[in-house]
Amino acid sequence: MQGERTGQAVMHDRIREYEAFCERHSDWAVTMVEGLVTRESPTTDKAAVDRCGAALAGYLNDIEADVTLLPQDSAGDHLLAELGDGPNQVLLLGHFDTVWPVGQLKRMPLQQKGHRLFGPGTFDMKGGIAIGMLAARAVLEVGMTPAARVAMLWTSDEETGSATSQQAILQHGERSKAVLVLEPSGPGGAVKTSRKGCGQFELTVTGVSAHAGIEPDRGASAVHELARQIVFLESLQDVESGVTINVGRVDGGTRPNVVAEKAQAMVDVRVRTVADANRIERAFAGLTTEDPRTQLQVNGGFRPPLERNAAVRRLYEVAKQVASDLGRDLSEFSTGGGSDGNLTSARGIPTLDGLGAVGEGAHALHEQIDILALPWRAAMLAGLITRLVED
Ligand SMILES: [Zn+2]
């Protein structure tokens, strides 16, 4: 009993030391956020994302991390950074691509008002990267946690579904005791203990073109067929159980007097459970055309849901204890948005998400973070890493 109390007191002191370290180096973290935000990095612009990645690699070299570039042809290069040589690894996961095009800074200038830092990508999630790096520094530089090995994987294509980073995420996740995701926090700094699964599907209908006035019967309209498919897809929606289906974009046809030969739809699906994801996936695979002269091709699939399982709940409990050592309450939050945490959690790797910045306005014009919260978020993360590697 006495020993246990002493152990807790030692941990409490160490977490307080992390906090003091993170307070001392808070400006370093803020400068890094500014440096990353200045390099705009829309997922689909490889040259721009790579410029941001080069700056990030520079910050990682500054803290003497072992940096490996994971080169990509169709996306920005991903960055793997490793620090410490303890036997137990924790993976810090995040992305440096954003949803904002190059030039957005003119509309959303990087600026500090009071303790709020505004700008594209501050909250989602360049602020989170800075928190992860400050936490890694605290664990290694305070130097009381020899068991730790901190790997960081900063990817370039999360906002479009992580097609090129998925493999590396799972590979490095599987070598780790836990994956801690530095995506934006929920309201009041809450961590994210459940996320919906997201499906992205593309429907392409090929019909037969014809003159709409002279010989309409010789045509088979791709647009009309696609419309029937859309009505059917809407019938799969069940908002109460969290299954939503949004046909967010349709293209098709050429002119009003031409029976359309091609039509396409892009569909976003959200689900709470793996069972629903499987059911909807089967429904998409089973779609058939009503007009037999048209053909339908379906592409796409799911990023599975992050379910609030035992491993997630346990990580949340540990994080909550660390937060209470810092005099903070840590709540939990459930969201319809997906992240790479969905992938690692579905693979059975203990995952806690939403450990990044406190702020608001992800994907919105008022995107911002609270820079006063950076030190305690980083100290909490450092404490969490410590608890996990020493467990
Ligand atoms: Zn994000």
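This is a predicted model: local features need pLDDT of at least 70, side-chain atom pairs count only at pLDDT 80 or more; totals for chains, interfaces and linings use all residues.
Q: Which residues is Thr244 in contact with, leaving aside its neighbours within four places in sequence?
A: Gln237, Val239 and Arg270 are the contacts of Thr244, with neighbours within four places in sequence left aside. Two residues are in contact if their C-beta atoms, placed from the backbone, lie within 7 Å.

Q: OK, back to Thr244. Where is it found?
A: Thr244 sits in strand E11, residues 244-252. Helices (H or I, at least four residues) and strands (E, at least two) are DSSP runs, numbered from the N terminus.

Q: Is Thr244 buried, exposed or partly exposed?
A: Thr244 is partly exposed, because 15 other C-beta atoms lie within 10 Å. The cut-offs are 20 or more other C-beta atoms within 10 Å of a residue's own for buried, 12 or fewer for exposed, and anything in between for partly exposed, with C-beta atoms placed from the backbone.

Q: How far is Thr244 from Gly336, going by C-alpha atoms?
A: The C-alpha atoms of Thr244 and Gly336 are separated by 9.9 Å, and the two residues are 92 apart along the chain.

Q: What about Ala222, buried or exposed?
A: Ala222 counts as buried, with 27 C-beta neighbours inside 10 Å. Ala222 is in helix H7, residues 222-235.

Q: What does Ala222 touch?
A: Not counting residues up to four places away in sequence, Ala222 touches a list that includes Val205, Gly252, Ala263 and Thr294.

Q: Changing topic: how is the chain divided into domains?
A: Domain 1 takes 2-195 + 305-390, and domain 2 takes 197-303. Those bounds come from an automatic or database domain assignment. The C-alpha centres of the two domains lie 38 Å apart.

Q: And how many residues are in contact between them?
A: 7 residues of domain 1 are in contact with 10 residues of domain 2. On the domain 1 side, the touching residues divide into 2 nonpolar, 4 polar and 1 charged. Here Ala, Val, Leu, Ile, Met, Phe, Trp, Tyr, Cys and Pro count as nonpolar, Asp, Glu, Lys and Arg as charged, and the others, Gly among them, as polar.

Q: Which residues touch the most other members of the largest nonpolar core?
A: Ala135, Ala138, Val150, Leu180, Ala378, Leu381 and Ile385 do, in a core of 78 residues. H5 gives the largest share of this core, 12 residues. A nonpolar core is a set of buried Ala, Val, Leu, Ile, Met, Phe, Trp, Tyr and Cys residues joined through C-beta atoms within 7 Å.

Q: What is Ala135 in contact with?
A: Ala378, Leu381, Ala382 and Ile385, leaving aside neighbours within four places in sequence. There's also a second, separate core of 19 residues that includes Val205, Leu226, Ala263 and Val269.

Q: Why is H5 largely enclosed?
A: 19 of the 21 residues of helix H5 (residues 122-142) are buried, so H5 is largely enclosed by the rest of the structure.

Q: Which peptide bond is cis?
A: The one from Asp124 to Met125, with omega near -10°. Met125 lies in helix H5. Most residues other than glycine have a negative phi, and most peptide bonds are trans.

Q: On phi, what does Glu64 have?
A: Glu64 has a positive phi of about 60° although it is not a glycine. Glu64 lies in the loop between helix H3 (46-62) and strand E1 (66-70), and counts as exposed with 12 C-beta neighbours inside 10 Å.

Q: And His363?
A: His363 also has a positive phi of about 60° without being a glycine. His363 is in the loop between strand E17 (359-360) and strand E18 (368-370), and is partly exposed, with 14 other C-beta atoms within 10 Å.

Key
Residues are numbered from 1 along each chain as its sequence is written.
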